[in-house]
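This report walks through one part of a protein model and then turns to its ring contacts. Please keep the structure at hand while reading.

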Amino acid sequence: DDNPDPALIAAALADRIRAEGLAGLPWGEGASALRQRLAFLRARDPAWPDLSDAVLLERLEDWLGPLLHGARSLAGLKPDALEAALRGLIPWDLQPRLETDAPTRWTAPTGNSFTIDYGAEGGPRVEVRVQEVYGLGQHPSVAGTPLTLSLLSPAHRPVQTTKDLPGFWTGSWKDVRADMRGRYPRHLWPEHPAAAAPTARAKPRGT
């Protein structure tokens, strides 16, 4: 049959997902990140919807059903359509709070922004070069939870992981600074980084 019944195809695709699980769907980064953000928020406030595998499979017809009608295969589903379908499960009154309570990115003092990994072990995490957080005297947080800062060298190698930036500045920074000055002499390594200007560049030549 060159024109199979779309309803039969949709039912078959739904049955396959129930049998094989959600991993067979073409999740994009946005949809996966959305689920991690909501898991983070729900752990702090049960008003946020549960988008765990078990609940999504239980409510499959609610959110995925409309996408399956007219689909020929699971691979043909668009990642952005899956993300939009998941967003449809967030109550209207909570939707405006999503970006403020669990933003996708964090902006460093330099003005550069970095992706927040809500699926990281130990809570939301950002990787950022240590020089870009000079001048930051308070530790950043999301939804009242300290952001884990994975601080990197100019070569993007791990230097320190902290949930207490002021403590790092007044504590082990002295040893890190000595090491960094030896490895990266063309970069600025201030003695008092909390009072220094953030930078994403090396020192100008001749300084």
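Predicted model: local features only at pLDDT ≥ 70, side-chain atom pairs only at ≥ 80, totals over all residues.

## Strand 6 and its surroundings

Leu152 stands opposite Pro158 in strand 7. Strand 6 and strand 7 (residues 158-162) run antiparallel and are joined by 4 bridges. The two strands form a hairpin with 5 residues between them.

On another side, strand 6 pairs with strand 3 (residues 125-129) in the parallel sense, over 5 bridges. Within this pairing, Val126 has Leu149 of strand 6 as its bridge partner.

Is strand 6 enclosed or exposed? Of the 5 residues in strand 6 (residues 148-152), 5 are buried, so the strand is largely enclosed by the rest of the structure. In a regular strand, side chains alternate between the two faces of the sheet. Here both faces are covered: Thr148, Ser150 and Leu152 are buried on one side, and Leu149 and Leu151 are buried on the other.

Leaving out residues up to four places away in sequence, Ser150 touches Arg125, Val126, Glu127, Val128, Gln160 and Thr161.

## Two loop residues with positive phi

His156 lies in the loop between strand 6 and strand 7. Its phi is near 65°, a positive value in a residue other than glycine. Ala143 also has a positive phi, of about 50°, although Ala143 is not a glycine. Ala143 is placed in the loop between strand 4 (141-142) and strand 5 (145-146). With a relative accessible area of 40%, Ala143 is partly exposed.

## Aromatic rings

How many aromatic pairs does the count come to? There are 8 aromatic pairs, and two of them are set out below.

| Pair | Centre to centre | Angle between planes | Arrangement |
|---|---|---|---|
| Phe40 and Tyr118 | 5.3 Å | 50° | tilted |
| Trp173 and Trp189 | 6.3 Å | 40° | tilted |

Phe40 lies in helix 2 (residues 29-42) and Tyr118 in the loop between strand 2 (113-115) and strand 3, so this pair ties together parts that are 78 residues apart in sequence. Both Phe40 and Tyr118 are buried.

The pair of Trp173 and Trp189 links distant parts of the chain as well, 16 residues apart: Trp173 is in helix 9 (residues 173-183), and Trp189 is in the segment after helix 9. Both Trp173 and Trp189 are buried. These two residues also belong to one aromatic cluster, formed by Tyr134, Phe168, Trp169, Trp173 and Trp189.

A further ring contact involves a charged side chain. Arg35 lies over the face of Trp27, at 5.4 Å from the ring centre.

Methods
Residues numbered from 1 in each chain as written. Heavy atoms only, no water. Buried < 20%, exposed > 50% of the residue type's maximum accessible area, 1.4 Å probe, protein only. Pairing = 2+ DSSP bridges. Contact = heavy atoms within 4.5 Å. Phe/Tyr/Trp six-rings, centres within 6.5 Å; stacked < 30°, edge-to-face > 60°. Lys NZ or Arg CZ within 6 Å of the ring centre and 35° of its normal.
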